[in-house]
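Thanks for coming. I have one structure to go through today, so let me put it up and then talk through it.

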Amino acid sequence: MNWMFANPDEFAALFAEHTALSLLPTLIGLVAAVPLGAALRGLPRARAIAVVVAGIVFTIPSLALFVVIPGLIGTRILDPVNVVIALSMYSLALLVRSVLDALDGVPPAVRDAARAMGYSSLRRIVAVDLPVAVPVLVPALRVVAVTNVSLVSVGAVIGIGGLGRLFTAGYQRSYPDQIVAGIIGTVVLALLIDRLLALAGWSLTRWQRVTEAAA
Amino acid sequence: MIDTATVLLRVLEHLGYSGLALGIAALIAVPLGLYIGHTGRGSWMIAGANALRALPSLGLMTLLVLLIGAGVVPPTIALVILAVPPILSNTAAGISVADPAAVDAARAMGMTDRQLLRQVELPIALPLVVSGFRAAVLQVVATATIAAFVNLGGIGRFIFDGLALYDYGRVVLGAVLVAAVALALDGALALVARAVTPGRVGRTRTRPDSANERVGE
């Protein structure tokens, strides 16, 4: 703990870096997964292929991706972009399946009602399907965000990785205090993001509680 | 350069660390999960185990090496902590979602708790247990790579040595090997999952993450 109190500025900087490196891929994954999932629902064959590809992407260990991406796209090996790209791929792979599951769960009656009211399919997806899908989507998003927080620290072994750098530095200096500071920071960040996403999900699903109260 | 014997040794080391951790995790998580699922008590343990998922493995490994010394123990502890939550929550969920009608029928036939668990609930839960194990295998095999950071062997050796020697070919060899091992094990477990899913072949594919996402809540 001493290290944290002796170096508040450095700790805060690493915490901020860690936050950015874990939230950015989560956001990219979500923004890509929603339209992709919505589009794939109408294409059974492409959907089957996408699900298989997503499964394979998820199987590749993160460290392997971190070190191979520079060779593939020509970035420097110490570029944080590698970590962001790798984690975005995982986030997309996990979220696209959840988006598909979530959209599958929209009751056909709700969908038909929207169509009968004259909604175009795009408007129906945005205004009806997605809000109804939120309760399924948010738990998946929480898993992805928390996973990203812990995967970012693995990046420390190649010199990127926010709070994870306290692990490598503390290990090299035989200074457990610094590692403990890193662990506390990572866990706090993971719990914080998880709670915030849960709260966001809760406030996006007020309609659910209204229906339950009325029923 | 790197000969086949070295590659084989590193892969075997990797499988050794992973297998040891997965074995210990299964010994802890399966009985606990059976107990929680069967009795409905102790579900706080699942919440506790899920909170463990937030612990960064690299931090845990390096800290344990500094506290108890180098060797195979620190990575094993870190990997066990990684593997317990998915196996535990899937086992408990698998048992507790067993069709109440089937459970009642078994009780009406005079089955003891032990028989009920062994002959009814466990076979019903098996596909979910396997999918939890599959998720654990993926995470453990991926994370065993960083054991090389605390001076152990395994496939991670190629990645860390390659980075230190500016030998990118070696890095890529390590990355490809670890991905290949993960894919091969996942494929094998997918076949096991299919084999233990009676009468549901082709209808639902067990996926490592889907069950966890639901159970984690």
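Salt bridges between chain A and chain B: the count is zero. Keep in mind that this is a predicted model. So what do the two chains bury between them? About 3,200 Å², with 78% of that on carbon and sulfur atoms. Chain A puts 39 residues into the contact, and chain B puts in 33.

Next, the core. The largest nonpolar core holds 91 residues. Which of its residues touch the most other members? They are A:Leu63, A:Phe66 and B:Leu79. Helix H5 of chain A, residues 80-104, gives this core its largest share, 13 residues.

Take A:Leu63 on its own. Leaving aside residues up to four places away in sequence, A:Leu63 touches A:Val154, A:Val157 and A:Ile158 in chain A, and B:Thr145, B:Ile146, B:Ile159 and B:Phe160 in chain B. On screen, you can follow those contacts from A:Leu63 into both chains.

Now chain B by itself. Along its principal axes, the C-alpha trace of chain B spans about 70 × 40 × 25 Å. Of the 217 residues in chain B, 49% are buried. As for contacts within chain B between residues at least 6 apart in sequence, 76% of them join residues at least 24 apart.

Chain B exposes about 9,700 Å², and carbon and sulfur atoms supply 67% of that. One nonpolar surface patch on chain B comes to about 640 Å². Its members are B:Leu20, B:Ile24, B:Ile28, B:Leu67, B:Ile68, B:Val72, B:Val73 and B:Ile77. Three helices of chain B give two or more residues each: H1 (4-39), H3 (57-68) and H4 (73-96). The largest share, three residues, comes from H1 of chain B.

One of the patch residues is worth a separate word: B:Val73, which is found in helix H4 of chain B. Is B:Val73 buried, partly exposed or exposed? B:Val73 has a relative accessible area of 45%, so it is partly exposed. Patch residues need over 30% relative accessible area, and B:Val73 passes that cut-off because its value is 45%.

To go back to where I started: chain A and chain B have zero salt bridges between them, and 78% of the area they bury is on carbon and sulfur atoms. That is what I have.

Conventions
Residues are numbered from 1 along each chain as its sequence is written. Chains are lettered from A and ligands numbered from 1 in the order in which they are written. This is a predicted model: local features need pLDDT of at least 70, side-chain atom pairs count only at pLDDT 80 or more; totals for chains, interfaces and linings use all residues. Side-chain values use heavy atoms; hydrogens and water are left out. Patches are made of residues with over 30% relative accessible area and no salt bridge: like charges are joined within 9 Å, nonpolar side chains (Val, Leu, Ile, Met, Phe, Trp, Tyr) within 5 Å. Accessible areas come from the Shrake-Rupley method with a 1.4 Å probe; for residues, only the protein chains shown count as cover. A salt bridge is a side-chain nitrogen of Lys or Arg within 4 Å of a carboxyl oxygen of Asp or Glu. Helices (H or I, at least four residues) and strands (E, at least two) are DSSP runs, numbered from the N terminus. Buried means under 20% relative accessible area, exposed over 50%, partly exposed in between (1.4 Å probe, protein chains only). A nonpolar core is a set of buried Ala, Val, Leu, Ile, Met, Phe, Trp, Tyr and Cys residues joined through side-chain atoms within 4.5 Å. Contact means heavy atoms within 4.5 Å. Buried area is the accessible area (1.4 Å probe) that two parts lose on being put together, summed over both.
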